[in-house]
Amino acid sequence: MRTFGKIVLWLLIIIAVLVIIAYLLPRQYKVERSITIGADKALVYDLTCNIKKWDLWTPWTKEVDSTALFELSGNDCEVGTIWKWNGEILGNGELIVTESVPGESFGYDLMFDEGKYQSKGRFKYDEVNDSVLITWTDEGDLGFNPMNRYMGLFMDKMMGPDFEKGLSKLKIVAEERHGWPPISETYMESQIILVIRDSAGPDTYGQVMGRGYGELMNFIKMKHLTPKGHPFAIYQSWDSVTQFSVFDLGIAVEFADGGKGRIRAEEIPAQKVVMADYFGPYDQTASVYNALDKYVAQSGLEIIGNPWEIYVTDPMTEPDTLKWNTQVLFPVK
């Protein structure tokens, strides 16, 4: 019995010492990682403040936990936006955006296990020459629980590798997109259009399109119609080897009760599109199409229609091909 009593006493002493040591440990913890990204600050900010785009670079995705269910409410990059998740591996948690200063900082409150564990995360963006130094931090209060104080010693080792992995992927995504033209997701309103279907090859595009738009404008004048917006082409098919394509040349109008000959009137319903603004010669848009393809795939969207080209600049009035603005659109859902 004396031996047992001594064992109990020593255990109590050890526990008391461990508790005392625990309260000598820091109450707060901070995990911080940084990386330099060769991209525009606005682009890096958008990839981090827009929770919809976290799937492009964070280590916490469906690939890690196929059972995870995610729920997002709120607007892009807006204070008050809430992101929730629940999964067998990722557990349950909630992120609430608390700070959003474009190009400067982005902050959030983070909670796990129904609020049992809480911390504050933040991104800071600093320009370094032509690059951006982004710093990602997470810090929290460990409270008075002795076990939490000891856990604080390992927070950097537990969270740091995920931060490093996420920032490395963010660098890859941002630097690739830095070479893309500006891309946006928007909605086109429903519109009435007059179109002519035609086809052309690399030596006949200018002639065929010029003739088609001329026919459309003559019809609009004859019918006393009011055009809306810029001329466009909807590409029905494209042969990348021969560069031969079939397309609908079109102009939107306020009203049309029909067409004539090969001119037909159609109503295009409102649709969601991804759009890129391109400046340059018409025959050098391949990189724009490639960028849009990658954007759609990375964003989890689906192309549901043929691509459009809207010719914002009139080549008859602007001789400098580098100033020709073409908007390339993909209908998506």
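# Salt bridges, cores and ring pairs

Visitor: At 13% relative accessibility, does Asp198 count as buried or exposed?
Guide: In this predicted model, a residue is buried when its relative accessible area is under 20%. The value for Asp198 is 13%. Asp198 therefore counts as buried.

Visitor: Which residue meets the side chain of Asp198 in a salt bridge?
Guide: The N to O distance of this salt bridge is 3.2 Å. Asp198 belongs to strand E9 (residues 191-200) and its partner to helix H5 (residues 205-222), so the pair ties together parts that are 13 residues apart in sequence.

Visitor: How many residues apart are Glu104 and Lys41, which form a salt bridge?
Guide: The closest N and O atoms of Glu104 and Lys41 are 3.8 Å apart, and a salt bridge requires them to be within 4 Å. Glu104 sits in the loop between strand E4 (91-101) and strand E5 (105-112), while Lys41 is in helix H2 (residues 41-49). The pair thus links distant parts of the chain, and the separation is 63 residues.

Visitor: How many of the nine residues of H2 are buried?
Guide: H2 is mostly covered. Its buried residues include Lys41, Leu43, Tyr45 and Cys49.

Visitor: Which backbone nitrogen does a side-chain oxygen of Asp40 reach at the start of H2?
Guide: The two atoms are within 2.9 Å, and the cut-off for a polar contact is 3.5 Å. The nitrogen belongs to Ala42.

Visitor: Which element supplies the largest share of the largest nonpolar core?
Guide: This core has 35 residues, and those with the most contacts inside it are Trp54, Leu95, Phe106, Phe123 and Ile134. Among the elements that each supply at least two residues are strand E1 (28-37), H2, strand E7 (131-141) and helix H4 (155-178). The largest share is six residues, and the element is H4.

Visitor: How many residues are in the second, separate core?
Guide: Its members include Leu194, Tyr205, Ile220 and Ile263. The core has 34 residues.

Visitor: Why is the pair of Trp54 and Tyr108 classed as it is?
Guide: The ring centres are 5.9 Å apart, and rings pair if their centres lie within 6.5 Å. Trp54 is in the loop between H2 and E2 and Tyr108 in strand E5, so the pair ties together parts 54 residues apart in sequence. Trp54 has a relative accessible area of 1% and Tyr108 one of 3%. The planes stand at 75 degrees, over the cut-off of 60, so the class is edge-to-face.

Visitor: What is the angle between the ring planes of Trp54 and Phe123?
Guide: Phe123 is buried, with a relative accessible area of 0%. The ring centres of Trp54 and Phe123 are 6.1 Å apart and the pair is edge-to-face. Ring pairs link both residues into a cluster that also includes Trp83, Phe106 and Trp136. The angle is 85 degrees.

Notes. Residues are numbered from 1 along each chain as its sequence is written. This is a predicted model: local features need pLDDT of at least 70, side-chain atom pairs count only at pLDDT 80 or more; totals for chains, interfaces and linings use all residues. Side-chain values use heavy atoms; hydrogens and water are left out. Helices (H or I, at least four residues) and strands (E, at least two) are DSSP runs, numbered from the N terminus. Buried means under 20% relative accessible area, exposed over 50%, partly exposed in between (1.4 Å probe, protein chains only). A nonpolar core is a set of buried Ala, Val, Leu, Ile, Met, Phe, Trp, Tyr and Cys residues joined through side-chain atoms within 4.5 Å. A polar contact is a pair of N or O atoms within 3.5 Å; within protein, one must be able to donate a hydrogen and the other to accept it, and residues adjacent in sequence count only if both atoms are side-chain atoms. Rings of Phe, Tyr and Trp (its six-membered ring) pair if their centres lie within 6.5 Å; planes under 30 degrees apart count as stacked, over 60 as edge-to-face and the rest as tilted.
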